[in-house]
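Subject: Structure for you to look at

Hello,

Please find the structure below. My notes on what was found in it follow.

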Amino acid sequence: MSSLISTDLVGLDEDLGGTSTDVIRALAARVAASGRAGSADSPADAALQPEAPVGTGAPGGIALPPARSASVTEPTLAFSRLARTVGFGAPDGDADIVFMIAVPEGADGDHMTVLSTLARALIRDDFTAAPRAAKTPADIVELVDDEVSGEVAETRGPAATSAAGATGASSSAADAAGDGARRPKLVGVTACPTGIAHTFMAADALVAAAKRLGADLQIEPQGSGTVTPPDPAVIAEAAAVIFAVDVDVRDQGRFAGKPVVRGPVKRGVDAPDAMVKEALAAAKDPNAARVGGRAGAAGAATGSTAEKQGFGSSLKRWLLTGVSYMIPFVAGGGLLLALGFLLSGYEIAGNAATVLTDYSLFDLPPEGLQYFLGAAAFQIGNLSMGFLVAALAGYIAYAIADRPGIAPGFVAGAVAVFMGAGFIGGLVGGLLAGFAAYWIGKPDVPRWLRGLMPVVIIPLLASIFASGLLVLVLGGPIAALTVALTDFLNGLSGTGAIVLGVILGLMMCIDLGGPVNKVAYSFAVAGLSAGSISDNPAPLMIMAAVMGAGMVPPLAMALASTVLYRKGFSQVERSNGTAAWLLGASFISEGAIPFAAADPLRVIPASMVGGAVTGAISMAAGVTSQAPHGGIFVFFAIGNLGMWALAIVAGTVVSALVLVLLKKFVRRSTAAGADASADAAEAGSVVGQRSPVAA
């Protein structure tokens, strides 16, 4: 096996740009130039995906961006000791030492071994000091070969064990000396959104912290490779559990009833000693938060209210879970509605059920085949949209109580529709059903009753509680509130409509598909089924404003990077800009995320300004949309198409111009080199040479 690193992959005291994106792209180009990747763009894009939501910085001025890409031909490390520090998201400051890990798409074993080994090394002072003391690239190669390459070679041998299992080793070295029985026992899980660097860095940092504090800790890193869980006997003996995670813990029921300390995965990297101390204290505290459910119960509630995560953050996660499961019903159903309008005209809304009842493919209506197919599309879409509130409530309850919450949640959502409580009733019903299912399933019951709990008793009692409250107490007031809100929206005109358009436009662009964006989108689609061109146009106007504003960020990025200011963007960004034309036209706001990840303090404000302009113009012009998704491809479902197109064009141009001005005249210390780096990339500068610094 060739070495993971060679001297041509090492740079010392070099300036690769002022942002983490610049550094990652430069190191990816270095990997490609060494012949270990088919192109620089693919590993750079792969590394930037985890860099955006989490950051790959570690304490001590280290950064560890990972790139798993099909264009990489063998596991590779590229290294840079930076002449000026660059922010990679670490809480203690910027990084001057960067290891980029590039591995082939299918090299999970090698990948996880490299990551876990480097993570283990990065918490040792002797390892982090060595790269700063190195005098030649050969010194770095020797350091890495001694630390990492041997373990990667071992994973390819017949006696190799999984990398995840290696990372999950415990701090029980002292057990061999005979004092293990006297050491407190802890278990834990680490997991980050990408399942790569931070998962293993947190695992090793926590294990080392436990050893320093005289505890025995076994960590299960739930990364993107094979996971080796702790033995059930180890879990049974553990006095407490540590969850350093940014995502839900897989099979959390194994830890049910144990005292728990929970925090984000980066806290496991940045403050492992504090987490271990909290776990040791929780083990002695009878009032400490505990993992919900019953020991051994499969699929215990991932959103357990027994864990003190903060009600606000838990509520946000529950609601976003419901929204994320609801959106496919809305998107598919809404596009089918729009297709029905295209084939049969708007009057099909009142005739579809009759047409399908009275006619068939072998007995077509007088209007012909197209009209019949339009009726079928509309009716299927209408039925799909009918699940909107039920799906929202059902999956909110699922987020709180896992599978036992689904049935009572769906029933509560259906009752909310029956009572006229609509979207708000679905939210309330889902929360009631979830809490009821969770608390009903919490007490221990006799063994003979356990099998009936999730399939009969919990759904029955939780449905009676949640749906009964809606029918007898809450449904009427919520329905009245819904009617009042609808009347208010219908009464909006002039300045009021414009202000609402501005607010919706800002919300759609502030986080590009994140929680705030989803709140605005959910608000729009919630009223779509009740909208009517003649009787109730307000919900359709809101839908048009939301969809138009959501199209602006990717379109603006495309305009700025491919037309207005090409030299202000790197080659990769210009390639992303070309793709963003189609993404924006399709109403996929996430097309702007690569730009926002690289330069959030300039891209996001520019996007928000353009989104507000589009929302205001759309609402002021009374544009309507009968479709919840599709962008320009559902033009046939847009009322006042010309003004809608004008609103989108205006917002796109304004946003792109604001971004160009910000890039030209607003220089930040963390982005000062971005433009210069882009210019260097445009000219095909050789990676490893010093880039010009922006004035």
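I start with strand β5 (residues 76-86), where eight of the 11 residues are buried, so β5 is largely enclosed by the rest of the structure. Please keep in mind that this is a predicted model.

Strand β1 (residues 10-14) is parallel to β5 and is joined to it by four bridges. In this pairing, L12 has R81 in β5 as its bridge partner. Strand β6 (residues 95-104) pairs with β5 in the antiparallel sense, over seven bridges. Here T76 has A102 in β6 as its bridge partner.

Next comes strand β9 (residues 240-245). Is β9 enclosed by the rest of the structure or exposed? Six of its six residues are buried, so β9 is largely enclosed. In a regular strand, side chains alternate between the two faces of the sheet. In β9 both faces are covered: A240, I242 and A244 are buried on one side, and V241, F243 and V245 are buried on the other.

Strand β7 (residues 185-191) runs parallel to β9, with six bridges between them. L186 stands opposite A240 in β9. β9 also pairs with strand β10 (residues 260-263), again in the parallel sense, and over four bridges. Opposite I242 stands V261 in β10.

Now to the helices. Helix α19 (residues 495-510) packs against helix α21 (residues 538-564) at an angle of about 40°, and their axes are 8 Å apart. The crossing of α19 and α21 is right-handed.

Which residues meet where α19 packs on α21? From α19 there are L500, L504, G505, M508 and C509, and from α21 there are I542, V546, A549, G550 and P553. Sorted by class, this contact has eight nonpolar residues, two polar ones and no charged ones.

Another helix pair is α24 (residues 600-620) with α25 (residues 641-665). Their axes come within 8 Å and cross at roughly 155°. An angle over 145 degrees counts as roughly antiparallel, which means that α24 is roughly antiparallel to α25. The crossing of α24 and α25 is right-handed.

The list of residues in this contact is as follows.

- α24 contributes R602, V603, A606, S607, V609, G610, V613, T614, I617 and S618.
- α25 contributes M643, W644, A647, I648, A650, G651, V654, S655, V658, L659, L662 and K663.

By class, the contact of α24 with α25 has 14 nonpolar, six polar and two charged residues.

Last, a single residue. A480 lies in helix α18 (residues 453-491). A480 and M419 are 61 residues apart along the chain, and their C-alpha atoms are separated by 10.0 Å.

Regards

Notes
Residues numbered from 1 in each chain as written. Predicted model: local features only at pLDDT ≥ 70, side-chain atom pairs only at ≥ 80, totals over all residues. Heavy atoms only, no water. Axes fitted to C-alpha atoms, helices over the stretch in contact; angles between N-to-C directions. Helix = DSSP H or I, 4+ residues; strand = E, 2+ residues; numbered from the N terminus. Left-handed = near helix turned anticlockwise from the far one by under 90°. Contact = heavy atoms within 4.5 Å. Nonpolar A, V, L, I, M, F, W, Y, C, P; charged D, E, K, R; others polar. Buried < 20%, exposed > 50% of the residue type's maximum accessible area, 1.4 Å probe, protein only. Pairing = 2+ DSSP bridges. Parallel < 35°, antiparallel > 145°, perpendicular 65-115°, else oblique.
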